[in-house]
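Biologist: I would like to learn how to read a model of this kind, one feature at a time. Could you take me through it?

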Amino acid sequence: MHAHPALSLTSKIVVTTVGVLVIGAGAVMMVTPGPGIVALVLGLAILSTEWDWADRWLTKARKKAHEARLKAEAMDPKVRRRRLVVTGLVVVVVVAVVGGYVAAFDWPEFAVSGWDWVQGIAGWVPDLPGM
């Protein structure tokens, strides 16, 4: 596939785009509930098919993922349950606060203008509910 210049460039662009998106999702999951380290390692594995620097980082990331697994297995079940409950409660509170704000004050103006801007770029984007 890399013998043909157009296919080589296309595959490099596709692999890079997918890898960066997976790493971005992993970075988000590092601060929100989700398997952030797994997604980071997966994104690096995707990038390592095309890039040598990603292969070097993947080796280090696999080591960190293994260390995290051992740490999670060694964690006290009570502490783990407490962390899961607290995380769930925080998510519920944040969703309730945002939902309450939107219900009380309607859509904020910056969200409406931003959505209108997106609709101007991509006409297939639907209208906001209630608009």
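Biologist: How much space lies in the largest pocket?

Modeller: Please note that this is a predicted model, in which local features need pLDDT of at least 70 and side-chain atom pairs count only at pLDDT 80 or more, while totals for chains, interfaces and linings use all residues. Residues are numbered from 1 along each chain as its sequence is written, and side-chain values use heavy atoms, with hydrogens and water left out. Rolling a probe the size of a water molecule over the atoms shows where empty space is left. A pocket is an open set of points on a 1 Å grid over the protein atoms alone, where a 1.4 Å probe fits, with protein on both sides within 12 Å along at least five of seven lines; lining residues have an atom within 4 Å of a point. Here the largest pocket holds about 850 Å³, and of its 24 lining residues the closest to the centre are Gly34, Met75, Arg80, Arg83 and Leu84.

Biologist: Which helix gives the most to the lining of the largest pocket?

Modeller: Helices are DSSP runs (H or I, at least four residues), numbered from the N terminus. Helix 4 gives the most to that lining, with 8 residues, although helix 1, helix 2, helix 3 and helix 4 each supply at least two.

Notes: Points joined across faces, edges and corners; volume = space filled by probe spheres on them.
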